[in-house]
Amino acid sequence: MVNERNFELRESPLPEPAEGQALVRNLFVSFDPAMRGWIEDRPSYVPPVAIGEVMRAQGVAQVLESRHPDLSPGDFVTGTFGWQDYALGGGRGPLGGLAPVPKDVPLSWPLGVLGGTGLTAYFGVLDVGEVARGETVVVSGAAGATGSVASQIARIQGASVIGIAGGERKCAWLREQARLDGVIDYKSEDVGARLTALCPKGIDVYFDNVGGELLDQVLARIAEGARIALCGAISGYNDPAGPRPPRNYLNLILRRARMEGFLVLDYVARFAEAQQQLLDWVREEQIAHAEDVQQGLENAPRTFLRLFRGENLGKQLLKIADPPLDG
Ligand SMILES: NC(=O)c1ccc[n+]([C@@H]2O[C@H](COP(=O)([O-])OP(=O)(O)OC[C@H]3O[C@@H](n4cnc5c(N)ncnc54)[C@H](OP(=O)(O)O)[C@@H]3O)[C@@H](O)[C@H]2O)c1
């Protein structure tokens, strides 16, 4: 299990922006289970964070000083600013890898419901899961940042949606705020028996954030032509052996089903379309989204651990400053 002693707090002089760069004040930091993989020395979709480097993380920041033609002091931007108070952004591309924060949305939303997790939910449900009206959809990690949005997008498509989450607080949120058709507390209930009861015609789509035992319970109950969207497998992220392999995959053959992994990064060309739709759904109150906002950069390691202890409801964020400049 990753722990607080894996990190240390260091101070260093403020960096000077070079030509084409901007100095930013980091305001909100995003915490994502994928970061656990980034500190593992093994091949992945991004290089590992080296020992002694600043921990990589997405953030929302305000530009303090700019030597970039398209960035001005006061602008709000998202980018990979890491676990640090100040960062340099820019360099390459139109905004040098930074994206402007839309003017009329709260500063935290581009890290959550309009950011990586909301987008993952969108493409996972619609493109990979191909959820259709009347189908039965199961989502694990359902009260987390990705799962909570995924389960509601499936509900908007007209599916009957069952969310699996840990603990009564999260299950109550899924029933009352996310308005799901059924909820299973995997920490206190017999998941297999509950899935059988709640999905009498079998499971058409499984949006899997967790892997391991829950994946097997679902595989045992898939319907003919089912789709399993493999989004993540957090149950194995702190296990050197990785997640427990599925046993019931023979059902993929018997039920002519498919199980497919995906990375949200592959959908960059469609992010704008998805963000607009997500924003519309939030404004129409079709999607409820929760944020768990911790405070203070010194609490970054502790905030990271919340993901693996199941302490977060919705998107895990850390607020490290208020905007220093007037918009
Ligand atoms: N494929 C992609 O492009 C992509 C992009 C973003 C995220 N993801 C994946 O999506 C998943 C969710 O990410 P997120 O950012 O939205 O995090 P999150 O769901 O907001 O937070 C993680 C949650 O996972 C649950 N969890 C932790 N350890 C667990 C365990 N051993 N067994 C079962 N559940 C456990 C906890 O909820 P409970 O209290 O309910 O246990 C915890 O709150 C992760 O697997 C992540 O890697 C994939």
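Reader: How many residues surround the ligand?

Author: The model is predicted. In it, the residues closest to the ligand are Thr 146, Lys 170, Tyr 186, Tyr 237 and Asn 312. They belong to a surrounding set, and the number of residues in that set is 26.

Reader: Which residue has a polar backbone atom 2.8 Å from an oxygen atom of the ligand?

Author: Two side chains can be set aside. A polar side-chain atom of Lys 170 lies 2.6 Å from a ligand oxygen atom, and a polar side-chain atom of Tyr 237 lies 2.7 Å from a ligand oxygen atom. The backbone atom at 2.8 Å belongs to Ala 145.

Reader: Is helix 2 oblique or roughly perpendicular to helix 3?

Author: Helix 2 and helix 3 (residues 145–156) have axes 8 Å apart and pack at an angle of about 40 degrees. Roughly perpendicular requires 65 to 115 degrees and roughly parallel requires under 35. The angle therefore makes helix 2, relative to helix 3, oblique.

Reader: How many charged residues does the contact of helix 2 with helix 3 have?

Author: Helix 2 contributes residues including Thr 117, Ala 121 and Val 125, and helix 3 contributes residues including Ala 145, Thr 146 and Ile 153. By class, 9 residues in this contact are nonpolar and 4 are polar. The count of charged residues is none.

Reader: Is helix 2 roughly parallel or roughly perpendicular to helix 8?

Author: The axes of helix 2 (residues 116–128) and helix 8 (residues 271–283) come within 10 Å. They cross at roughly 100 degrees. Helix 2 is therefore, relative to helix 8, roughly perpendicular.

Conventions:
Residues are numbered from 1 along each chain as its sequence is written. This is a predicted model: local features need pLDDT of at least 70, side-chain atom pairs count only at pLDDT 80 or more; totals for chains, interfaces and linings use all residues. Side-chain values use heavy atoms; hydrogens and water are left out. Axes are lines fitted to C-alpha atoms, for helices over the stretch in contact, and angles run from 0 to 180 degrees between N-to-C directions. Helices (H or I, at least four residues) and strands (E, at least two) are DSSP runs, numbered from the N terminus. Angles under 35 degrees count as roughly parallel, over 145 as roughly antiparallel, 65 to 115 as roughly perpendicular and the rest as oblique. Contact means heavy atoms within 4.5 Å. Ala, Val, Leu, Ile, Met, Phe, Trp, Tyr, Cys and Pro count as nonpolar, Asp, Glu, Lys and Arg as charged, and the others, Gly among them, as polar. A residue is near a molecule or strand if one of its heavy atoms lies within 4 Å of it. A polar contact is a pair of N or O atoms within 3.5 Å; within protein, one must be able to donate a hydrogen and the other to accept it, and residues adjacent in sequence count only if both atoms are side-chain atoms.
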